[in-house]
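Me: I would like to go through some labels used for this model and ask what each one rests on. Here is the structure.

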Amino acid sequence: MTRVSTVGNYSSILANLMAAQQRQTDAGTVVSTQKNGTDLKDYSRSAEILTAMRSNESRVSGYLEQNQRVADKLETQDFALGQFSDSISATREAIAQALASGRGDTLMLELEGNLRTGVQSLNTRYGGKYLFAGGQIDTQPVSVNAMSDLQSPAVVSSFFHNDEFVTQAKVDDATTVSTGLLADDIGTDMLTAYQSIADFNAGANGPFNGELTDAQRTFLEGLLSTWDGLHSDAVDVAARNGMVQARVEGVATDLTKRRDSLQGMMGDITDANMAEAATRLSQAQLSVQAAAQVFSVLKESSLLNLLN
């Protein structure tokens, strides 16, 4: 015959109440966090694969951050190269206008301004560092200030202060791109062309300060093809930079898809089924209420109450 005691009943009901409260707490945590667990212990059956996916997702996210920095740098370079190309185009236009009008009154002033624009574009900074300086990121790569600086016997190469280091960036496990461009590679021909103008202006057939002479007209006509070539070269440099931009963007798109896929697979393991979790929470709450009700009834039916 089973012995029934108040203490035994209290112990049994109390254990049920505590178990129901724990289930309610666990279900509430799942609902509030929308996760099936809070650490790898809760995913013991899938812990190894989950750890591998998290490691892979972290690496992909790191590459995406790197790609964003590279993309920002390339965008800044694209803007600088656009300014450089525009300055060359403006110089060619100024020469053509001087030939069309037959006068060179303002020619040197216009060329002076275009020279400064071209030099400023080669001295562009990104993140406080000179873009086209190679490894000499804290040294201004081009030091020309005026057309007069270029007059012979000045040596064009002496105005460039970059080294030969070309920066590269690894944008995913298998792709490394060259993101660096060097000021002397881009601008030497431009400064050489400006030097020829500065020398002519300071020579026996200069200066350009009124109606063009036959010698001046012949000289300027010969320059048109030179500046056409310089503009074509500048456009090519900008196009190569654009190709790198497109490649980086393509890699970033692929990495984003990989990250989203990994996050989806991890979510299948870690993310809670909210409808099921809400049902479990409701059931756990009912269990707590039921256990508490039984505990209350048992208290009222205690033998001590009967003896009193």
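Reply: This is a predicted model. In it, M108, L111, N114, L115, G118 and L122 of α3 are in contact with A183, I186, G187, M190, L191, Y194, I197 and N201 of α4.

Me: What makes this a contact by class of nonpolar, polar or charged residues?
Reply: The contact of α3 with α4 has 10 nonpolar residues, 4 polar ones and no charged residues.

Me: Why is α3 called roughly antiparallel to α4?
Reply: The axes of α3 (residues 107-122) and α4 (residues 183-202) cross at roughly 165° and come within 11 Å. Angles over 145 degrees count as roughly antiparallel, so α3 is roughly antiparallel to α4. The crossing is left-handed.

Me: Why is T124 called buried?
Reply: T124 has a relative accessible area of 15%. Buried means under 20%, so T124 is buried. T124 sits in the loop between α3 and β1 (125-126). Leaving aside residues up to four places away in sequence, T124 touches T76, A80, K129, Y130, L131 and F132.

Me: How do you know that the side chain of T124 makes a polar contact with S121?
Reply: The T124 side chain reaches the backbone oxygen of S121 at 2.7 Å.

Me: Which peptide bond next to P207 is cis?
Reply: The bond joining G206 and P207 is cis, with omega about -5°. P207 is in the loop between α4 and α5 (214-270). Most peptide bonds are trans.

How values were computed:
Residues are numbered from 1 along each chain as its sequence is written. This is a predicted model: local features need pLDDT of at least 70, side-chain atom pairs count only at pLDDT 80 or more; totals for chains, interfaces and linings use all residues. Side-chain values use heavy atoms; hydrogens and water are left out. Axes are lines fitted to C-alpha atoms, for helices over the stretch in contact, and angles run from 0 to 180 degrees between N-to-C directions. Helices (H or I, at least four residues) and strands (E, at least two) are DSSP runs, numbered from the N terminus. Angles under 35 degrees count as roughly parallel, over 145 as roughly antiparallel, 65 to 115 as roughly perpendicular and the rest as oblique. A crossing is left-handed if the near helix is turned anticlockwise from the far one by less than a right angle, and right-handed if clockwise. Contact means heavy atoms within 4.5 Å. Ala, Val, Leu, Ile, Met, Phe, Trp, Tyr, Cys and Pro count as nonpolar, Asp, Glu, Lys and Arg as charged, and the others, Gly among them, as polar. Buried means under 20% relative accessible area, exposed over 50%, partly exposed in between (1.4 Å probe, protein chains only). A polar contact is a pair of N or O atoms within 3.5 Å; within protein, one must be able to donate a hydrogen and the other to accept it, and residues adjacent in sequence count only if both atoms are side-chain atoms.
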